[in-house]
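Work through the exercises below with the sequence and the model open. Each task is followed by its solution.

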Amino acid sequence: MSKMKTKLTFIILSVSAVFLLVACGSNKKQETTDMTKPKSTETVLYFVRHGKTMFNTTGQVQGWSDTPLTDAGIEGAERLGIGLKETTFSAAYSSDLGRAVSTAEYILKNSGNEQVPLKHLTGLREWGYGGYEGRDNADMWNPIFEEQNLKFDEDWSQYGELTERLSDEDIANKIAKNDSTKTAETYDEITNRTKKAIETIINETNEKGGNVLVVSHGSEIPTILEVIAPGSYNGENIGNCSVTKVVYKDGRYNVLTIGDDSYLK
């Protein structure tokens, strides 16, 4: 009986050891699978309108034409940089127009992110207004306002009513149609380059994630919003040096703020 008991004990211990090895192997495989699973990253896009320029001050059409930042524009960009001092940027982009580049440089310097390389993308440019460039705003906007029985003024007091009746697509195409030189951009031309620019930014930053600075323009930022999150923009004011914050994750865009000027305060 003693020999049989000893043999039985040996068999039980052997079987237990096999189960233990199998269980350990199974756990190890599960751990390896979990470790190799790709992590989902989050990219926070800070879309900023450039600082105030000479043409912003004199009421002239400013699309692809470029004028320098005024003293107020420089101050605004510097204040925004200080307001973003607690924000670490993993990447920075701007349109290739001088007013956007200068604004981005002031922001990076004053926020402590001067080591971040700044990339210029033509797709982030302001709308191209063709033959209206440099002319009084009234020359371009009067025909569009009058067609809607509205009145244009330098305070843009009825612009909200205009955008309730006309989409950005309507406005861009009317400007292109009215332009005697036929060099103003159509809405399709604007959105096509915009999509390419945003795709470039996401492709270059999504793997790493983090905060990304994108300096653009007053009409282009609403276009960007319409491209990435249709219906999210509803005529909100995009002031100079304001911040429009958007989170990108798992192929989706979530608009957090539009035209936020609290960083300047």
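**Exercise 1.** Does Ile-198 count as buried or exposed?

Solution. This is a predicted model, in which local features need pLDDT of at least 70, side-chain atom pairs count only at pLDDT 80 or more, and totals for chains, interfaces and linings use all residues. Residues are numbered from 1 along each chain as its sequence is written, and side-chain values use heavy atoms, with hydrogens and water left out. Buried means under 20% relative accessible area, exposed over 50%, and partly exposed in between (1.4 Å probe, protein chains only). Ile-198 has 6% relative accessibility, so this residue counts as buried.

**Exercise 2.** Find which residues Ile-198 touches, leaving out those up to four places away in sequence.

Solution. Start in helix α8 (residues 187-205), where Ile-198 lies; helices are DSSP runs of H or I, at least four residues, numbered from the N terminus. With contact meaning heavy atoms within 4.5 Å, Ile-198 touches Phe-47, Ile-224, Ile-228 and Tyr-253. For Ile-224, 26 residues from Ile-198 along the chain, the C-alpha separation is 8.0 Å.

**Exercise 3.** Describe the salt bridge between Asp-66 and Arg-99.

Solution. A salt bridge needs a side-chain nitrogen of Lys or Arg within 4 Å of a carboxyl oxygen of Asp or Glu. The N to O distance between Asp-66 and Arg-99 is 2.7 Å. Asp-66 sits in the loop between α2 (54-58) and α3 (71-83) and Arg-99 in helix α4 (residues 98-110), so the pair ties together parts 33 residues apart in sequence. Asp-66 is partly exposed at 35%, whereas Arg-99 is buried at 1%.

How values were computed: Helix = DSSP H or I, 4+ residues; strand = E, 2+ residues; numbered from the N terminus.
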